[in-house]
Amino acid sequence: GLVRLRSFNFQHNLIKVFTNQTFNGLINNVNILLMENNPLEIIKKHTFLNLKYNQDQMSFKSFQIRELESYSFQGLSFMYSLDLSDNMIQIIQYYTFYGLYNLEKLFLENNLISNILTNSFDTTLKSLKHLHLSFNKLSFIKNKWFNSLIALENLYLDNNLIIEIEDNAFENLNKLTLLNLTNNKIDNIKNQTFIDLVNLKRLDLSENKFCNKSILCSSYYIEK
């Protein structure tokens, strides 16, 4: 293998798919991995499984990614920040981010995400503090999506198409301090929707369609 390799540059190519164990046996202790300006569409299962990458951030911003398979990023347990914004991702699959034990920031804004499967955000994301899902196509929030994100502090769901928030959707998010739901299509919020958010300081519900007298009718922005 290329045991002495420290910098790997494949910018400005026509790479569309990262296949299973793309980097297996090729890279050891890489400090610089340059991938920009490729029409990457798919990241397959276990692509990075044997990659020893010494940086704690990885960016796929503004590629053409439309599919992330389950276990796409397994092996990147050191990763602190992962940017997948400005792509064409439609669905977050089961265990897509499995094994990212140290991940604190995940950027998924400006995609086409309309569904998040159960265990997409699994228990290995125990360090995740900032989750960005703004400017997607979500029409509802299910009650099992975020329940494993026990360290989450900031959750951005603004500028989607959200109509409904299921019961217990924010269960276990005891550390959440900021929740942004602005510019959606919410027309009703139940009394118990935010009951588990005991540390919430900022809640933005502006530019929605609801008017529920049991909570708020004249003001949509709350700051505790």
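Which residues is F170 in contact with, leaving aside its neighbours within four places in sequence? Contact here means heavy atoms within 4.5 Å. The answer is I141, N147, L155, I165, L179, T193, F194, D196 and L197. We will come back to F170 below.

Some ground rules come next. This is a predicted model, in which local features need pLDDT of at least 70, side-chain atom pairs count only at pLDDT 80 or more, and totals for chains, interfaces and linings use all residues. Residues are numbered from 1 along each chain as its sequence is written, and side-chain values use heavy atoms, with hydrogens and water left out.

The score pLDDT is the predictor's confidence in each residue, from 0 to 100. The protein chain averages 85. In it, 80% of the residues score at least 70. Over residues 217–224, pLDDT stays under 50. For that stretch the model has 19 contacts beyond four places in sequence.

Now look at F170 again. F170 sits in the loop between β14 and β15. Strands (E, at least two residues) and helices (H or I, at least four residues) are DSSP runs, numbered from the N terminus. F170 counts as buried, at 1% relative accessibility. Buried means under 20% relative accessible area, exposed means over 50%, and partly exposed lies in between (1.4 Å probe, protein chains only). T193 is 23 residues from F170 along the chain, yet their C-alpha atoms are separated by 7.5 Å.

Next come the aromatic rings. A pair of aromatic rings is described by the distance of the centres and the angle of the planes. Rings of Phe, Tyr and Trp (its six-membered ring) pair if their centres lie within 6.5 Å. Planes under 30 degrees apart count as stacked, over 60 as edge-to-face, and the rest as tilted. By this rule the count comes to 13 aromatic pairs. Take F97 and F121: their ring centres are 5.9 Å apart and their planes meet at 5°, so the pair is stacked. F97 lies in the loop between β8 and β9 and F121 in the loop between β10 and β11, so the pair ties together parts 24 residues apart in sequence. F97 is buried, with a relative accessible area of 0%. F121 is buried too, at 1%.

F170 and F194 form another stacked pair, with 6.0 Å centre to centre and 20° between the planes. This pair links distant parts of the chain, 24 residues apart. F194 lies in the loop between β15 and β16 (202–204). At 18% relative accessibility, F194 counts as buried.

Ring pairs also build a cluster. They link F48, F60, F63, F73, F97, F121, F140, W145 and F146.

What about the nonpolar core? Such a core is a set of buried Ala, Val, Leu, Ile, Met, Phe, Trp, Tyr and Cys residues joined through side-chain atoms within 4.5 Å. The largest one has 53 residues. Those with the most contacts inside it are F60, F73, F97, L108, L131, F146 and L179. L108 shows what this looks like. Beyond four places in sequence, L108 is in contact with residues including L84, I89, I92, F97, I113, F121, L131 and L133.

Charged side chains make links as well. A salt bridge is a side-chain nitrogen of Lys or Arg within 4 Å of a carboxyl oxygen of Asp or Glu. The structure holds 5 of them. One joins R66 and E41 at 3.4 Å, N to O. R66 lies in the loop between β5 (57–59) and β6 (67–68) and E41 in the loop between β3 (32–34) and β4 (42–43), so the pair ties together parts 25 residues apart in sequence. R66 is partly exposed, at 39%.

E69 and K44 meet in a salt bridge at 3.2 Å, N to O. E69 lies in the loop between β6 and β7 (81–83) and K44 in the loop between β4 and β5, so parts 25 residues apart in sequence are tied together. K44 is partly exposed, with a relative accessible area of 28%.

E104 forms a salt bridge with K129, the closest N and O atoms being 4.0 Å apart. E104 is partly exposed, at 21%, and K129 is partly exposed, at 28%.

Finally, find N160. N160 is in the loop between β13 (154–156) and β14 (164–165). N160 is buried, with a relative accessible area of 5%. The side chain of N160 reaches the backbone nitrogen of K137 at 3.3 Å. Among the residues that N160 touches beyond four places in sequence are L133, S134, F135, N183 and N184.

Terms used:
Polar contact = N/O pair within 3.5 Å; in protein donor to acceptor, adjacent residues only side chain to side chain.
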